[in-house]
Amino acid sequence: MNSPTSFDSARKLRGTQRSDFLGAGLEELSDFSDRIAQLGQALDDLSELTGENGNRSVDRMRRQLAEFEPSITLLGQVKSGKTSLVNAMAGWSDLLPSDVNPWTSVVTSLHLTPGSARSEIGARFKFMTEDEWDRLLTKGGRIGELAGRAGAESELEQIREQIEAMREKSRKRLGRKFELLLGQEHEYGFFDKNLVERYICLGDDFDIEFGDGDADEDQGRFADITRSADLYLNCETVPFRMCLRDTPGVNDTFMMREQVTIQAIRESRLCVVVLSAHQALTSVDMGLIRLISNLKSRDVLIFVNRIDELQNPGEQIPEIEASIRQTLIDQNGPTEAEIVFGSAYWANKVLSGGLQNMSQLSSDALLNYADVALDGSESHGSPAEMIWELSGVPALFRLISERIISESGEALLAKVANSAVTVASSLKVAETITIEGQTGEETLAPAEARQRFEAIAQRHRDNLSREFSALIENYQSRADRAHATFIQRATHSLISHLESYGENELWEYSPTGLRMLLRSAFTVFGTRAQTLTNTCFESVVEDMAELYFAAFGSAVGGIQMSVPMAPETPAPVALGQTIALDFRDGWWKSWWRRTRGYKAFASKFQVLIAAETEDFMVQLKSVQTAEVRDAALAALDEFLAEQSDILDGLCAGQTRPGDLQKLFVDGDQAQRQSQLQHALDTLTQYAA
């Protein structure tokens, strides 16, 4: 379903895609797609010149290009218009149902592939695991755990009642299949609206009963236990494949959505926060700010939706933007994030051809906004083109395209091209060794060269692993100190409050300080991890260059070998998880009312906060550090695998086996050299 297509097929698809105004804002991404195709063609040409060993490396590079799928996660509160915006971005106004309010923790990922005609080509739905379901049932999810720790028995009982109703309703729909489905997945070679609604859409009404023959009986059948949905489709409007992740709102009863949303952010390089123009960054959105505050400003875009519902968007938009900026400053959010204003409603009216059916309120807002946004220019094309531009979708696409290319696209091109240049230049050296033979220099036998290579590879693997272990241990100690310091300071503040105001006045303490301390510690860890990885990579390149010289003499001077790129350190998005101190409502007040005595306050507070922060401490100290280490080791292994193939090719050239003899001796030498030089020249254009 998700297998890479050939570069020739990709070029054909792109050549026949729609070139009208719906692609506005994606021009830069279209140019990038052409460059990917050109690099892919150069790799195809190179593969024709390599032997078996070189082909393994070239195939790895082609897979890296073919599997590159930039992901954009859309965040927002329920009913902020995320799904409508996703539909507009996909150029498909009725693709996902936007008139229902799903309460399940489902992230819907749209995998868009360029195509001459839109078509739904596949779907995959994954269900909760038994552990996830048990956590919800036995502990009531994150909110249930908090209520239990806070001693809020009445609130906890309400949660249990809701969960019990949900479980019974699920069993009624699924019967004996219920337990069997947990941890499984369903896969289809197509999808339509009814299929999607069966897995991800179910309203908040726990009392829905389906009677015999009810037309809606199948809607939401699996929604209770579905945790993610992947939809694969050909799209007329996009010039390069991308993944749009439509996340549910994070303000749900059990805070299950928060966990899957955090995971979606971790799997994406860019987040689009969708706000409503009527309630842009209200107090309800503080959870959103926490989620994005740990990302760099360049990794966050803000789309203020529903300006079609404003009475005077021309005057109100500057006021709304100023308010958003101030809130980001006050709440330590990504203050430099770009903000785009628009209307998914307008965009979908263009896509559906329903401009004549626009509401009066929306029409008035459109005319008002056009007077300001179009700035009196004489011509902006057809009415549909003008409204499409005013919808903000093209402006959003321009920013997305720029971020994709600058933050990951260029790095991919350089990485693959650098590796390909190394392979191509080593092929020229192997050709020289095969045709001209050795130059009389004292060199290593192939078996000894291989033995030395294995020793170099193992030494660098061991060194990188050992040094990462020390780095992680140092970071974990710093994180623990920051954690202990925060709890100590918060407890001291609590006791001071009690001594000054007594137990009847509510005390508040912001966890922002803890998040900032941990974010700082993780940033230092990330910087040191990059330095460590780069140092290792520079060292292994030097060792490989020395080995090649010892094994093959001065002939290897023509090999152009670049230092591999260290993987980027992911943002510590787990810090955005909601904890007890984030609440300024019933949960915190409930805990306060149930605690009596200064010592009881202090001791119970420490236990509560330690338990509340345990999950993201584990994520930061163990899970994410392991991911950084594993990514560095994987990059090293990839480089060593490439060098292993090159070494085999050089050794084969040295001993002139039949395969390379046929390749270099029996063939048209002049033509082969010309083809190889052309491929090398093309690849060098993209190399860093």
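Q: What should I know about the model and its numbering?
A: This is a predicted model: local features need pLDDT of at least 70, side-chain atom pairs count only at pLDDT 80 or more, and totals for chains, interfaces and linings use all residues. Residues are numbered from 1 along each chain as its sequence is written, and side-chain values use heavy atoms, with hydrogens and water left out.

Q: How many helices and strands are there in the protein?
A: Helices (H or I, at least four residues) and strands (E, at least two) are DSSP runs, numbered from the N terminus. Here there are 22 helices and 9 strands.

Q: How do I read burial and surface?
A: Buried means under 20% relative accessible area, exposed over 50%, and partly exposed in between (1.4 Å probe, protein chains only). Of the 688 residues in this protein, 52% are buried. Accessible areas come from the Shrake-Rupley method with a 1.4 Å probe; for residues, only the protein chains shown count as cover. The protein exposes about 29,700 Å², with 47% supplied by carbon and sulfur atoms.

Q: Which residues lie nearest the centre of the largest pocket?
A: R269, P567, E568, T569 and P570, out of 45 lining residues. The largest pocket holds about 1,600 Å³ of space. At least two lining residues come from each of α10 (256-266), β7 (270-276), α16 (393-436), α18 (512-552) and α20 (598-655).

Q: How is that lining classed?
A: Ala, Val, Leu, Ile, Met, Phe, Trp, Tyr, Cys and Pro count as nonpolar, Asp, Glu, Lys and Arg as charged, and the others, Gly among them, as polar. The pocket lining has 20 nonpolar, 12 polar and 13 charged residues.

Q: How many cavities of 30 Å³ or more are there?
A: The count is 6. The largest cavity has a volume of about 190 Å³. Its lining has 13 residues, with K415, S419, P564, M565 and F639 closest to the centre. α20 gives the largest share, 5 residues. The second largest cavity has about 70 Å³. R269, D299 and R403 are among the residues lining this second cavity, and α16 gives its largest share, 4 residues.

Q: What makes a nonpolar core?
A: In soluble globular proteins, nonpolar side chains tend to be buried together. A nonpolar core is a set of buried Ala, Val, Leu, Ile, Met, Phe, Trp, Tyr and Cys residues joined through side-chain atoms within 4.5 Å. The largest one here has 179 residues, and I302, I324 and Y548 have the most contacts inside it. α16 gives the most to this core, 18 residues.

Q: Is N87 buried or exposed?
A: N87 is buried, because its relative accessible area is 0%. N87 lies in helix α4 (residues 82-89). Contact means heavy atoms within 4.5 Å. Not counting residues up to four places away in sequence, N87 touches W92, S93, L95, L96, N348 and L351.

Definitions and conventions:
1 Å grid on protein atoms, 1.4 Å probe; cavity = no way out; pocket = protein on both sides within 12 Å on 5 of 7 lines; lining within 4 Å. Points joined across faces, edges and corners; volume = space filled by probe spheres on them.
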